[in-house]
Amino acid sequence: MAEQLWSLQPLKRPEVPRATDGWALNPVDQFIARKLVNTGITPGKKAAPSALLRRVSFDVTGLPPSPNDVAAFCEAEDAVYGQLVDRLLASPHFGERWATHWLDIARFAESYGFEMDQPRPDAWRYRDFVIRAFNEDMPYDEFVRLQLAGDHLKRTNPDAWVATGFLVAGVENLIQTRKEFERDRYDKVDDMVSTVGTALLGLTIGCSRCHDHKYDPLSQRDYYHLAAAFGSTVSRVKEFERGNTRFKSFVATEAADGKIPMVVVTEPSSKNLPSVPARIHFLDRGDVKKKREAVSVRYPNVLIRNGAKPSRWSQGSSGQPEVPGRVALARWITDHQDGAGHLLARVIVNRVWHHYFGRGIVATPSDFGTRGDPPTHPELLDWLAGELIQNGWRLKPIHKLILTSATYRQGFQNAATDSRVVGYEELDPDNLLLWRRDPKRLDASAIRDNLLAVSGWLDSTPYGPGSLDQNHPRRSVYLTVKRSRLIPFLQSFDAPNALQGIGQRQVTITSLQGLTMLNSPFVDRAVQRLAKRLAGLDSAGDTRYVRDGFLIALGRLPSGVEERAALEFLSSGQAAARRDFCQMLVCLNEFIHIE
Amino acid sequence: MQGSLTRRSLLKSFGMGLGAVALESMLASVGDPRNPRESRLTHFPAKARSVIWIVLNGGPSQVDTWDYKPELQRRDGQMLADADPRTGFFETTGRLLASPFQFRQHGQSGTWVSEIFPYLSRHVDDMAFIHSCFTRSNNHSPALFEMNTGLSRMGFPCVGSWMAYGLGAQNANLPGFLVMTDAKGRGLPKNQAQNWGAGFLPGIYQGTRIQSNGSPIDNLSSSAGLTRDRQRRLLDMVNKLNGAHLERFKGQVELSARIEALELAFRMQMEAPEVLSIDQEPPHIRTLYGLNHPVAKQFGRQCLTARRMLEAGVRFIQIYSGGTGNAQSWDGHTDIAANHRQFALETDQGIAALLADLKQRGLLDSTLVVCCGEFGRTSDSQGSRGRDHNPNAFTAWFAGGGVRGGVHYGKTDPFGYRTMENPRHLHDLHATILHLCGIDHERLTYRFNGRDFRLTDVHGNVVKEILA
């Protein structure tokens with residue numbers, strides 16, 4: 001059963017179909033069009049230029065377009081769209097935006113969690129590593145290798161060490177008792193294995209900790225063999241030198257002497273602390289009191305191809321001993337011929353797709369197992385994964401393929417104005433086949449950054465230490481993630497709690513969100529600045545004021561009806577009407593949605 | 001909303017099944033005729049509609065409160081024969097420590113009660129005691145997780161979130177799950193907001209903490225000082241433009257739900273302060289809750305607030321006694337007598353008043369009150385007068401809807417050191433709480449990362465012996 005699971009099969013290199021002429025702009029569209037045509041649906045019309053510009057700006061950089069962009073783009077959309085995509089992908093804000101998605105998956109935070117939730121003041125360097133890697137379009141296989149084993153692979157390169165922040169980003173209990181110490185240690189290993197499983201392979205490996213599951217392609221034995229790669233992995237604050245500067249970072253490293261010491265104890269005493277051997281044992285029912293034999297690093301059979309021997313990944317260069325377990329694991333996981341690389345590629349291109357369309361080709365981006373959703377377009381997924389590998393694992397070409405497709409540039413098809421839509425809604429009510437573009441709510445970071453950007457308050461300084469103050473005007477990716485003091489504004493709009501990796505954020509609708517937009521000091525400050533910004537433009541008259549307000553906040557001019565209503569609102573004679581008009585703009589559904 | 005457009009898929013993204021009620025009632029509250037009858041989707045008739053859980057944070061000692069042990073009193077100072085040095089967090093002496101408190105029998109049930117609970121001793125015939133509770137952890141932080149979520153690791157939904165998810169809101173103008181923490185400024189319990197986190201459940205089900213100072217709910221009034229009229233005018237304009245926007249996206253239910261949520265926020269500004277304000281309570285009620293007592297008044301206020309929230313339809317209310325630091329909670333490591341006397345004085349009157357007040361209003365029958373800490377304490381001493389953590393035995397009590405009063409269930413050994421009869425884990429308490437609210441704990445599930453999770457994991461048995 002499990003061996004037949006679609007996600008474990010080798011990548012196919014499907015022929016690009018010729019399903020349509022005229023509508024399709026690139027191969028992506030041919031795959032999409034084939035299913036639509038076969039279902040009897042005509043692919044959708046293009047989105048309005050202003051809507052498309054706003055969509056692509058937020059999707060790629062997490063920020064709104066500037067009013068000048070709007071004017072320029074709406075005049076010559078087709079001619080300049082390709083250049084626009086190139087420009088956005090080259091923007092330093094691209095890395096900031098996409099790092100936010102990766103940091104969710106990596107359960108990244110800058111504190112230890114548990115009762116004291118001590119800070120990890122140097123952990124932000126990992127966040128910067130991710131932003132840089134995306135901006136520089138580091139090949140994805142290298143990105144993965146460094147996060148799993150950068151400390152071994154490039155011992156003299158501090159950046160490679162910093163990348164291992166991925167492994168140790170999870171919670172860690174610094175107040176241990178002798179009774180719980182060993183269980184805590186296995187929990188820590190579990191956190192690493194589970195995160196590697198869901199983040200990189202889309203497999204819920206962690207489910208197999210206690211027993212086999214009929215539905216899981218990996219067994220309990222597979223779990224412990226993978227866990228063995230992390231047996232001696234511990235977190236550490238390490239000091240580095242680059243040129244004349246010294247700095248610290250929170251990284252993974254191997255424990256000394258093959259022993260895991262009990263961690264810092266603040267009470268009752270740190271005398272005679274015990275340690276346990278770094279070897280990982282098979283645990284009956286996941287219980288540390290039911291230890292069986294020690295296990296070595298091995299890979300699940302379902303993810304080994306062509307009869308490859310595990311030594312293929314573990315052998316050192318000639319005459320050298322075996323490489324450390326994490327290095328071998330990193331080689332196996334990125335090996336698209338004989339190892340798990342084909343799955344690695346499928347998972348990441350699906351994540352990219354997920355963030356552009358609001359739903360992946362596989363709708364469960366961190367679960368490619370038997371209980372996840374099957375792909376809606378399996379051939380397209382394989383084709384994209386193949387493109388990724390062929391492009392040397394560079395992701396930006398994949399972004400560009402998607403962004404320049406007619407599929408991405410579609411608009412919403414409104415049943416009120418197009419009679420065919422009623423029939424389409426019958427055929428494909430959840431729009432799985434992508435015959436139209438549904439509006440998508442911005443995520444917490446983008447909503448907050450949008451407020452900063454439109455009000456002219458945004459401080460776009462990149463990189464460096466973060467801040468715990470939600471009123472700090474830097475982008476949300478630079479706000480410190482302290483597990484016990486999560487940023488209320490971001491929390492309110494469903495930012496994750498950084499306890500487990502999240503590939504798909506919740507989108508909730510709560511009255512507390514309404515209270516935030518109506519009453520919070522942060523929104524008030526942004527609104528006041530927006531009012532001031534508008535007043536500073538050549539907005540002497542109300543009409544100009546209204547038009548500039550719409551253009552800046554929503555990326556479009558008001559319709560005639562909207563303009564009249566807004567003018568009536570302003571002409572009420574209330575002194576504060578202009579300020580309230582600005583708050584009205586940011587409270588609109590349109591402000592927090594892209595279409 | 002992940003690009004979906006049907007109402008069905010909207011409900012699905014709210015967690016399918018039972019959780020849909022939350023949205024239903026939200027829609028219903030704005031004039032939708034499909035107002036769900038309460039408990040419509042419970043698995044069987046509910047005894048309790050709401051839960052108030054009082055957490056004696058830090059680990060109250062069973063042998064100094066509800067688990068009277070004459071043998072322990074007699075053998076003060078003697079060695080505890082089979083003491084396990086790994087029981088506690090620190091090291092204990094192995095010498096038995098008699099309770100410093102006098103015990104007397106009360107009520108028809110003849111329940112032995114420690115002198116530190118003079119008010120609660122009058123209600124023992126309404127309370128059911130489970131003396132054989134245990135947790136797996138002897139450390140505050142994981143044990144608090146265990147108490148709230150059933151598991152000692154971070155990241156799982158707590159019982160209040162499961163309740164809100166399972167039963168939905170009774171009052172759409174208020175959150176379904178509210179939390180109050182130490183009112184004497186001693187900080188949040190360890191684990192902080194994670195204690196009332198929704199884990200992988202949708203964020204709307206997380207507990208909303210009512211702050212002890214300042215505005216009880218964040219952003220409940222305009223920081224810019226907007227009058228209600230100005231806000232109304234602003235919102236009317238928002239609605240006008242949102243309506244036009246909605247026209248362009250026919251069938252997008254999420255957009256209209258969001259319009260309603262904003263309106264609810266506006267109304268909540270009205271209702272929540274009203275509910276949270278206890279100033280209109282008559283003098284005899286204020287006295288009952290100890291609001292004029294210098295030590296008991298803060299906790300008493302919280303108990304009174306809990307009653308008002310309950311009346312307004314909040315499903316699940318948790319009140320924490322004690323703050324962050326060990327000495328600032330029921331964590332009597334150095335001097336059990338002084339510690340427990342202090343914390344009992346703070347809480348006894350308020351909890352007793354809550355039981356009495358609910359009863360006189362006829363609300364006790366439909367309310368479940370639960371009280372316990374995250375573990376118990378050792379029968380042997382730590383130092384000369386303290387007790388260490390003891391995960392192997394502690395007492396929890398239930399009162400109210402569907403509970404048989406005056407019952408004592410489960411037993412510890414003659415020193416109260418280990419459970420002897422009918423050991424019960426938190427999973428069992430959780431199963432019982434859900435059961436009383438009409439939910440089968442094995443059928444309330446949520447799919448996350450490919451697995452159907454439930455509050456009780458693969459465990460849990462309802463403690464039938466305390467049911468009426």
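Reader: How many residue pairs are in polar contact between chain B and chain A?
Author: This is a predicted model, where local features need pLDDT of at least 70, side-chain atom pairs count only at pLDDT 80 or more, and totals for chains, interfaces and linings use all residues. Residues are numbered from 1 along each chain as its sequence is written, chains are lettered from A and ligands numbered from 1 in the order in which they are written, and side-chain values use heavy atoms, with hydrogens and water left out. A polar contact is a pair of N or O atoms within 3.5 Å; within protein, one must be able to donate a hydrogen and the other to accept it, and residues adjacent in sequence count only if both atoms are side-chain atoms. Between chain B and chain A, with both residues at pLDDT 80 or more, the count is 14.

Reader: Which element of chain B gives the largest share of the side that touches chain A?
Author: Helices and strands here are DSSP runs numbered from the N terminus (helices H or I, at least four residues; strands E, at least two). Several elements of chain B supply at least two residues each, including helix H1 (7-13), helix H7 (253-276) and strand S16 (445-448). The largest share, 13 residues, comes from H6(B).

Reader: Which residue of chain A forms a salt bridge with B:Arg248?
Author: A salt bridge is a side-chain nitrogen of Lys or Arg within 4 Å of a carboxyl oxygen of Asp or Glu. Four are counted between chain B and chain A. For B:Arg248, the closest N and O atoms are 3.2 Å apart, and the partner is A:Glu595.

Reader: What area is buried between chain B and chain A?
Author: Buried area is the accessible area (1.4 Å probe) that two parts lose on being put together, summed over both. Contact (heavy atoms within 4.5 Å) links 85 residues of chain B with 85 residues of chain A. Carbon and sulfur atoms give 55% of the buried area, which is about 7400 Å².

Reader: How far apart are the centres of the two domains of chain B?
Author: The bounds come from an automatic or database domain assignment. Chain B is divided into domain 1 (24-218 + 282-466) and domain 2 (221-276). Taken over C-alpha atoms, their centres are separated by 37 Å.

Reader: Which helix gives the most to the side of domain 1 of chain B that touches domain 2 of chain B?
Author: Between these domains, about 1200 Å² is buried. The rule finds zero salt bridges there, but five residue pairs are in polar contact, both at pLDDT 80 or more. With four residues, the helix that gives the most on the domain 1 side is H9 (residues 297-312) of chain B.
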